[in-house]
Amino acid sequence: MQGDRLVTAPVRYHDQIEDVRADEAETVAALNDTFDRILTRTHEDYGHAVRSVHAKAHAILDGTLTIDAGLPPELAQGLFARAGEHRVLMRLSTNPGDILDDAISVPRGLALKVLDVDGERLPGAEGRTQDFILVNAPVFQARTADTFLGNLKLLAKTTDRAEGAKVALSAVLRGVNAALSAVGVDSAAVKTLGGAPNVEPLGETYFSATPFRYGDHVAKFSLKPLAPAMTALTGETIDPAGDRDAIRHRLRDEMRSIDAEWEFRVQLARDLAKQPVEDPTVEWDEVEAPWQRVGIVRARAQDSWDPALVEEVNERTRFSIWTALAAHRPLGNVNRARRDTYRHSAEFRQRANGCPIHEPS
């Protein structure tokens, strides 16, 4: 029972919970080819290799994750099985694979790397870190990896081209998105192409969108702003006013005085028919599968574009949902496709820039 709501017991994880498709290897190969086109194009134009997605960072933060004490058994799983504090590194970004003018409004992302994490690790997950990659939407834009591949091929054709046209298109698409929202329609495609509201990143709630193992259970993850200075920014938009890096400059000004706090939440699956593992376009109903707090992420007031930290995190570090404990194994077709594509992108950057990518300690 949660409040007046009857909440069923969480689903138990088992090895047959996923439905592995026969064509997944072919899809991953095609995704890597498409990402290579994006990576090669941006490398040629910038003279420096950047990420194939979420290329533009707006803030790099150094903080802590404090895991709550006294969690019930269903929540005391994996990383969250033991109360305590971990150092974290955070990267706030936007999702394209090219570094765009901030007048082109696209969805926000937040990558979180938790340090000094002990426990059985996934195969190939080096170091002692646990990564969480979140976006400001509760669902993923494509049901399967091959659907995402089709979307990616369209985006690859526009990578690092005609930025002025993209700025104009973004203004039009924001109007389209507002009109669709007014009649209850949410279009991930319109937002991805530049029609997302140009929201203030510190006021946004971020979601894993895809499901993960949560020890004995299955869950999605979320970071929700908690500090009053952040919740006051929820729903605000940013006017770039001719500044192509307006978001970075605004966050740098704000983080000089804001002690940022987010609530780290998990949403345990209660019914796989209603909270499916293989379809990340389905939003899990909060009434039937409520969000529950397991900790707090804090980033005290700081320089959010400190050159040394930017060099360490933006250039020498990668974020991957597969850099994880076995207890938090990514689940579903889309997540399985992300395993090799994330590594492929990081290896391209490492080769092109001659800069080793490593897990911080």
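What volume does the largest cavity have? The largest cavity has a volume of about 60 Å³. A cavity is defined on a 1 Å grid over the protein atoms alone, as a set of points where a 1.4 Å probe fits but cannot get out. Grid points are joined across faces, edges and corners, and the volume is the space filled by probe spheres set on the points. Rolling a probe the size of a water molecule over the atoms shows where empty space is left.

The model is predicted, so local features need pLDDT of at least 70 and side-chain atom pairs count only at pLDDT 80 or more, while totals for chains, interfaces and linings use all residues. Residues are numbered from 1 along each chain as its sequence is written, and side-chain values use heavy atoms, with hydrogens and water left out. The predictor's confidence in each residue, from 0 to 100, is called pLDDT. Its mean for the protein chain is 88, and 87% of the residues reach 70 or more. By contrast, pLDDT stays under 50 over residues 162-187 and over residues 189-194.

The protein chain holds eight helices and nine strands; these are DSSP runs, numbered from the N terminus, with helices (H or I) of at least four residues and strands (E) of at least two. Of its 361 residues, 55% count as buried, that is, under 20% relative accessible area with a 1.4 Å probe and protein chains only.

Helix H8 covers residues 333-353. From its first C-alpha to its last it reaches 31 Å, close to the 30 Å expected at 1.5 Å a residue, where the expected span is 1.5 Å times one less than the number of residues. A kink of about 30 degrees is centred on Arg339; the bend is the angle between axes fitted to the seven residues ending there and the seven starting there. The buried residues of H8 include Asn333, Tyr342 and Phe348. Just after H8, Gly354 takes a positive phi of about 60 degrees.

H8 also contributes to the second largest pocket, to whose lining strand S1 (56-67), helix H7 (307-315) and H8 each supply at least two residues. A pocket is an open set with protein on both sides within 12 Å along at least five of seven lines, and lining residues have an atom within 4 Å of a point. H7 gives the most to this lining, with three residues. The space in this pocket is about 200 Å³.

Among the residues lining the largest cavity are Phe207, Trp284 and Trp291.

How values were computed
Contact means heavy atoms within 4.5 Å. Buried means under 20% relative accessible area, exposed over 50%, partly exposed in between (1.4 Å probe, protein chains only).
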